[in-house]
Amino acid sequence: MKVLESVDLKKYNTYGIGGIAKYLISPSNVDDLECLLKYLNEQNTFWYILGGGSNVILPDEDFDGVIIRLDKLDEFSIDGDIITAGAGISLGKFVKNMLDNGFTNYGALSGIPGLLGGAIIGNAGAYGVSVFDYLISVTIMDDLGNIRVLEKPDINYDYRYTEFKGGKNIIVAATFQGIRGDVAEELEKISDNMAKRRSTQPLEYKNAGSVFKNPPGASAGYLIEHAGLKGISVGGAKVSEKHANFIINYNNATSNDIKKLIDIIKGEVKKKFNEELELEQVIVKW
Ligand SMILES: Cc1cc2nc3c(=O)[nH]c(=O)nc-3n(C[C@H](O)[C@H](O)[C@H](O)COP(=O)(O)OP(=O)(O)OC[C@H]3O[C@@H](n4cnc5c(N)ncnc54)[C@H](O)[C@@H]3O)c2cc1C
């Protein structure tokens, strides 16, 4: 398994923030992951699972523990119309592999960064499709290395939420229903969606996607914009002028800059619209 020491976490998250981690380990397979977890627990060593780092606000402080990345668990296989994929495959590659095999039902997820495990944890979605729509089961490993398969009806999930968020279970793989469709037509839709993303999202800056969930029947971006908050900044973090539900790292922002900005946004939106914005991004503490 690959072990890196004294790792600058800024390179491992899309905000480009964070301190130094003592170790970053990528287990080569599920058995390696099990051995690693057992060892770390015996040693009372802290660990944290990081996917693509595209939905997290990592702390500024150094981490005296082990960051575990599952990027080597990237298998992808098809049996009839059932797809099995490892948690470490990038979501982009997962969608591409499905399209290459004639399955069009996850095309709408194209353009969402990160790894499949991270997408499952947050039930990521776009353009009317979410990961859980066609999910059949999830294979999880608990913090003692025990494996369990959970079927979708036994999993608590919702809009950008699953029971796994913030917990200690690790997603190692999942199975999905593939649905065949017109691939050329789907590729056209993907190309339109990508153009929409480029014109409405501040992709030229470091960011971690939508900061807040949309409240029922409302748009977080609309509320933030109409609270007059577009363009306000704390340190190097700024509410994007292009899309108010994005915070951008425009000038060496720290984690604290981003968190302070979040508190200001929540306070102002509550004052103006009496709406409690709920974070979509994950504030990590160690
Ligand atoms: C430009 C941009 C556009 C985006 N657009 C969208 C969008 O359209 N829709 C959308 O839903 N999201 C979007 N996002 C947010 C983000 O890409 C998704 O939420 C993504 O699925 C997160 O995956 P990740 O691997 O980066 O997770 P990370 O950020 O690495 O992790 C997120 C959380 O999941 C945990 N985690 C990760 N992998 C595992 C695992 N295998 N087992 C257990 N816990 C795990 C982490 O500990 C962390 O708590 C966007 C982000 C960016 C930067």
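In what order do the four strands of the open sheet stand? To follow the answer on screen, keep in mind that this is a predicted model, in which local features need pLDDT of at least 70 and side-chain atom pairs count only at pLDDT 80 or more, while totals for chains, interfaces and linings use all residues. When you select by number, note that residues are numbered from 1 along each chain as its sequence is written.

**Stop 1: the open sheet**

The order is S1-S2-S5-S3, and the pairing in this open sheet is mixed. Strands here are DSSP runs of E with at least two residues, helices are DSSP runs of H or I with at least four residues, and both are numbered from the N terminus; two strands pair if DSSP finds at least two bridges between them. Select strand S1 (2-8) and strand S3 (47-50), which stand at the edges: each has a single partner strand, so one side of each is left without a neighbour in the sheet. From one strand to the next the twist averages 30 degrees, where axes are lines fitted to C-alpha atoms (for helices over the stretch in contact) and angles run from 0 to 180 degrees between N-to-C directions.

**Stop 2: the domains**

Next, colour the protein by its domain assignment, which gives domain 1 (2-69), domain 2 (76-185) and domain 3 (202-283); such bounds come from an automatic or database domain assignment. The centres of domain 1 and domain 3, taken over C-alpha atoms, are separated by 27 Å. Even so, twelve residues of domain 1 are in contact with 14 residues of domain 3, where contact means that the C-beta atoms of two residues, placed from the backbone, lie within 7 Å. The side of domain 1 that touches domain 3 has six nonpolar, five polar and one charged residues, if Ala, Val, Leu, Ile, Met, Phe, Trp, Tyr, Cys and Pro count as nonpolar, Asp, Glu, Lys and Arg as charged, and the others, Gly among them, as polar.

**Stop 3: around the ligand**

Select the ligand and then its surroundings: 31 residues surround the ligand, and the closest are Gly51, Gly114, Gly117, Gly118 and Gly209, a residue being near if its C-beta atom, placed from the backbone, lies within 6 Å. Which element gives the most to this shell? H3 does, with four residues, while S3, H3, strand S8 (125-126) and strand S14 (170-177) each supply at least two. The shell divides into 17 nonpolar, 14 polar and no charged residues.

**Stop 4: Ser110**

Move to Ser110, in the loop between helix H2 (91-100) and helix H3 (116-121). Is Ser110 buried or exposed? Ser110 is buried, because 22 other C-beta atoms lie within 10 Å; the cut-offs are 20 or more for buried, 12 or fewer for exposed and partly exposed in between, with C-beta atoms placed from the backbone. Not counting residues up to four places away in sequence, Ser110 touches Gly92, Val95, Ile190, Asn193 and Met194. Of these, Asn193 is 83 residues from Ser110 in sequence, yet 8.3 Å away in space, C-alpha to C-alpha.

**Stop 5: strand S10 and its partners**

Select strand S10 (residues 135-141), which is joined to S14 by six bridges and to strand S11 (residues 147-151) by five bridges, running antiparallel in the latter pair as in the former. Val138 has a bridge partner in S14, Ala174, and another in S11, Leu150.

**Stop 6: two residues with positive phi**

Most residues other than glycine have a negative phi. Arg160, however, has a positive phi of about 50 degrees and lies in the loop between strand S12 (157-158) and strand S13 (161-162). Finish at Asn274, which also has a positive phi of about 50 degrees and counts as exposed, with 7 C-beta neighbours inside 10 Å.
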